[in-house]
Amino acid sequence: MLDVRNLEVYYGGIRALDGISLHVAEGELVTLIGSNGAGKTTTLRAISGLMRPRSGEIIYDGAPIHALSPYQIVRRGISHCPEGRHIFTNLTVDDNLRLGAVQRRDAAGVRRDRDWVYSLFPVLEERLGQLGGTLSGGEQQMLAIARSLMSQPRLLLLDEPSLGLAPILVDTIFAVLREIKKSGRTILLVEQNAYLALEVADRGYVLETGRLILHDTAQALRTNAQVERSYLGG
Amino acid sequence: MSLTEYGLQQLVNALSIGSLYALMAIGLAMVFGILRLINFAHGDLMMVASYSALGLLFFGWPYWIVVPAVVVITALAGILMERIAYRPIRGAPDVAMLLTSFAVTIILENGAVMLVGARSRAFPIPDFLRTVYHLGNLTVASVNVVAILATAVLLVFLTLFVTRTDIGISMRAAADDMTAAQLMGIPINRVIAAAFAIGSGLAAVAGLLWTVKVGKVDPYMGFFPVLKAFVAAVIGGFGTIPGAVVGGFVLGFLEIMFQALLPGEWSAYRDALVFGILIVVLLVRPNGIVGARVREEI
């Protein structure tokens, strides 16, 4: 479904990604783990079109997408839920969700997805009229995920969904991730909590300073000595 | 004339001038909200509107066609301005964008001087805008009534637009968080073009009303209105439409209040006093009257 080949991305003169290659198959939940600055977020930003790679290719459904604008990429079925939530704080929860589906024309499908995200996050339905900025941190994260789902993605890019959340909320978020996966959607998950990420993922890639150093099934990575030492606090 | 009547008289004046400031300030605020660009060339769109009107009237077009035509022409001018001058430097430091807007101002004003000359020209005012109504002791110029009503109608439409339509909500979203707006699949270029088109259309209405009030057009006519509109937008809470509207009317009221209350020999100090009050407002509420929220950075 998604094939990233020899991706190189620069921030000004600084190289953030040094030839990353990875692939994600339909229906998989793949995780990227690594410490801060390893290039996980940059990888997602390149896939969703927020950053242009200097070289390399991003192939989605057999076609290159690395020269497309973010809105064109969303239309092809990739949705990026960014780190730090980036919800619209001055807009209502309702308008936030509406914007998630702003490029869709299938009113019936949008209504169905509304019902689906309300079932995933019941609290959002109670908060529809509230401004995004008045939600708690956990609710904002739920809104961010729900909003990404409203674009009807086949591939969901999720960046640090558990960051800064209380443990009970982290459990809620990860339970929802399993639901989303069960619905047939493909997920590429960036997560600082490697332990949790490898619990839900099928496969994982380990990044270090812009390079891939390891990839394997999640199960194998969980018991990998190097991963354990560096990312699982073992 | 009783005190109440005098008060009502001044209220109409204040609403009328406040309407024009508000119409101008909205365009500045919409563009600033999305692009962080202070578009000083916004004032020159008034000039574009007024000269377009002058030209179309010269060719004998009737007023009821000239006004919508001028709004469309000015909206297109605003879209072109963004496309040619501002899009290439999008994302540049604020100072670079501000300087570019000065450049656009200079080009437009000097272009107008070359095309039509620096001298001001009389503007043919239609009879229905020359009328003065007498209600008891009150005298109300019809142009003021038209200004207030037109602004009220436009504000209602603008409110519906930014709260009900996809593109309007997208506009507010882009002002709120540009990255997230892109990730939603909002076509940013189209939203920015729409913001320029709407702001410019409102500037066209303000420009025509202004021209009818003063009775003449000249290439530099947008200079003071855009300064006033900028001040209005800042005291209201820069970058938000409600802030621009509130600021516009507050500025209008302050100006008329000082004009009415100050003895004649003090009138030269009117603007100084108005701006003095505005400085105090900003000291008390640095984010403006409406802009009380401080953005939380994560």
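The radius of gyration is taken over C-alpha atoms, and the globule rule puts it at 2.2 Å times the number of residues to the power 0.38. The model is predicted: local features need pLDDT of at least 70, side-chain atom pairs count only at pLDDT 80 or more, and totals for chains, interfaces and linings use all residues. Residues are numbered from 1 along each chain as its sequence is written, while chains are lettered from A and ligands numbered from 1 in the order in which they are written.

Chain A holds 10 helices and 10 strands; helices (H or I, at least four residues) and strands (E, at least two) are DSSP runs, numbered from the N terminus. For its 234 residues a compact globule would have a radius of gyration near 17 Å, and the 17 Å of chain A agrees with this. The C-alpha trace of chain A extends over about 45 × 40 × 30 Å along its principal axes. Of the residues in chain A, 46% are buried, that is, 20 or more other C-beta atoms, placed from the backbone, lie within 10 Å of the residue's own. Contacts require C-beta atoms, placed from the backbone, within 7 Å. In chain A, 66% of the contacts between residues at least 6 apart in sequence join residues at least 24 apart.

Chain B comprises 11 helices and 4 strands. Its radius of gyration is 19 Å, close to the 19 Å given by the globule rule for 298 residues, so chain B is as compact as a globular protein of that length. Along the principal axes, the C-alpha atoms of chain B fill a box of roughly 60 × 50 × 35 Å. Buried residues make up 45% of the 298 in chain B. Of the contacts in chain B with a separation of 6 or more, 75% are between residues 24 or more positions apart.

Conventions
A residue is buried if 20 or more other C-beta atoms lie within 10 Å of its own, exposed if 12 or fewer, and partly exposed in between; C-beta atoms are placed from the backbone. Two residues are in contact if their C-beta atoms, placed from the backbone, lie within 7 Å.
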